[in-house]
Amino acid sequence: MKLTLRIWRQKNPRERGAFVTFPLADVSEHMSFLEMLDVLNESLIDKGQEPVAFDHDCREGICGACSLMINGYPHGPLPATTTCQLHMRHFKDGDVITVEPWRARAFPVLKDCVTDRSALDRIMQAGGFVSVRTGGTPDANALPIRKKEADLSMDAAACIGCGACVAACKNASAMLFVAAKVGQFAHLPQGQAERKERVRRMTGQMDKEGFGNCTNTYDCEGACPKQINRRFIAEMNRDFICAELTE
Amino acid sequence: MRWLVNLALSSIGAKVVMALTGLVLVAFLVGHMVGNLQVLGGQEPLNAYAAFLHSKPALLWVVRSGLILAAVLHIVSSVRLTWLNNAARPVAYAVKRPILSSFASRNMLVTGLVVFAFLVYHLLQFTWRLTNPAFSQLHDAQGRLDVYSMVVLSFSERLIAGAYVVALLLLGLHLWHAIGSTFQSLGLTTPKYRRLIDAVSLLVCAVLVVGNVSMPVAILMGLVQLPAGVIAP
Ligand code: HEM
Ligand code: FES
């Protein structure tokens, strides 16, 4: 099929960017979105032009490196799908596709569609861990955990840290990300010792990074390729309020 | 004191401020509506109710102070939050589509500000009684302020009644998102109760809109009329 791509090009963080339009013929519906961009880049390289920069790594939906705002949706219009897992059969011949980087003050554009998402790493460094020696592998079931709680922890831990929640939020808020990273420990016994410090430190870092505030609009949940539930935001709010009121 | 200020400035704490002050305002709206619905019962109950409120200045001012405090905190933190939120995305998207967000949730500042503008007009009209002096300086046979006639005369004007209906619908839009949002901000939602909370939000919102809109509409339709002896100027 034939497509028209409107892609954001920006040389570096300081210069102003702009959209550049590329017609693309012979796109196979079996390609992934990133493979389609690879084809575009091959043709640009052949013409001696600079290829379009975009983030990617595993290309199997598990690493969280890929991004891209595609026609107004983070990771494109398909629910629960990362850009690397989005296939061109979901587009029609003749479509005009707008591709932009994720826009947030906390995610400065480095080049074209690549943004610096290290703000999320700094939030993790502020408390997204359990700081006790875990020793060797413990016996299975040495520490009983209710199935339901273990499942909830795993649901939260499904977050791949891609930042789609920030990209989707009208306030560029990172609440769903932080809530998932707080929630994966809040449901496990190992997470209890540092539960109060963790939520305060991580949300404190979130505020420092210049993300917006949650206004409970839930586009984050709709955009999340791992379908992290808004319940974790409510749980984090509750943990934060308890921590603030009791210490 | 210091920690309280820091808490109110943190992103989750600021939402707690919004939620608690919003709840105070919603509670007031319910009481205000129930009291005023007495206009449907005629001159006697409404004027007696108004005279009763004015006979308790201490109580009236305690309630008013609480409301003013709540309104100021609500407005200040909403404007501050919206400003921060806009600053968090300095470059706008060329194309951005909503996914799960509602229209109401995306326009809270706008609906809030319209409600505020309406509130100022409402106070000028019925509390300070400045906008229609011809309607608002009447007294009834017992010498009480004739609030009933003031309301009926005001809402007989299509423009005034229409402005109330529009403002109330926008307030409804604000509350439709706000009530459910309050539970989430306070950390009280869970998937088990989400449907219930959504239903309760919609119900409270509908009761407030229908109850309040019923007054100007009933008057405009002539269902509630001026008492004998009061002639429209
Ligand atoms: C009778 C008047 C009002 C009532 C009953 C009311 C009630 C509420 C409630 C319950 C919330 C939800 C709080 C939360 O999300 O946790 C809210 C949010 C909000 N209110 Fe009001 N409000 C009123 C007037 C105003 C005014 C005058 C403004 C204007 C500046 C305003 C601006 C906002 C904003 C921007 C939010 C958004 C917060 C969010 O989306 O989470 N409100 N309101
Ligand atoms: S490239 Fe790893 S999730 Fe898409």
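Reader: Which residues coordinate the iron atom of ligand 1, and at what distance?

Author: In this predicted model, His74(B) and His174(B) coordinate the iron through their NE2 atoms, at 2.0 to 2.1 Å. They count as donors because the limit for N, O and S atoms is 2.8 Å from the metal (3.2 Å for Na, K and Ca), with water not among the atoms, so sites may look incomplete. Residues are numbered from 1 along each chain as written, and chains are lettered from A and ligands numbered from 1 in written order. Local features need pLDDT of at least 70 and side-chain atom pairs 80 or more, while totals for chains, interfaces and linings use all residues; side-chain values use heavy atoms, without hydrogens and water.

Reader: Why is the site of the iron atom called octahedral?

Author: The iron has six donor atoms, with angles of 87 to 180° among them.

Reader: What does the histidine pair tie together?

Author: His74(B) lies in helix α4 (57-87) and His174(B) in helix α9 (158-185), so the pair joins parts of chain B that are 100 residues apart in sequence. A helix here is a DSSP run of H or I, at least four residues long, numbered from the N terminus.

Reader: Which residues does Val178(A) touch?

Author: Leaving out residues up to four places away in sequence, Val178(A) touches Ile123(A), Met202(A), Thr203(A), Met206(A) and Met236(A); contact means heavy atoms within 4.5 Å.

Note on methods: Four donors count as tetrahedral if all angles lie between 85 and 135 degrees; four count as square planar and six as octahedral if opposite donors are over 155 degrees apart and all others between 65 and 115; anything else is irregular. Helices (H or I, at least four residues) and strands (E, at least two) are DSSP runs, numbered from the N terminus.
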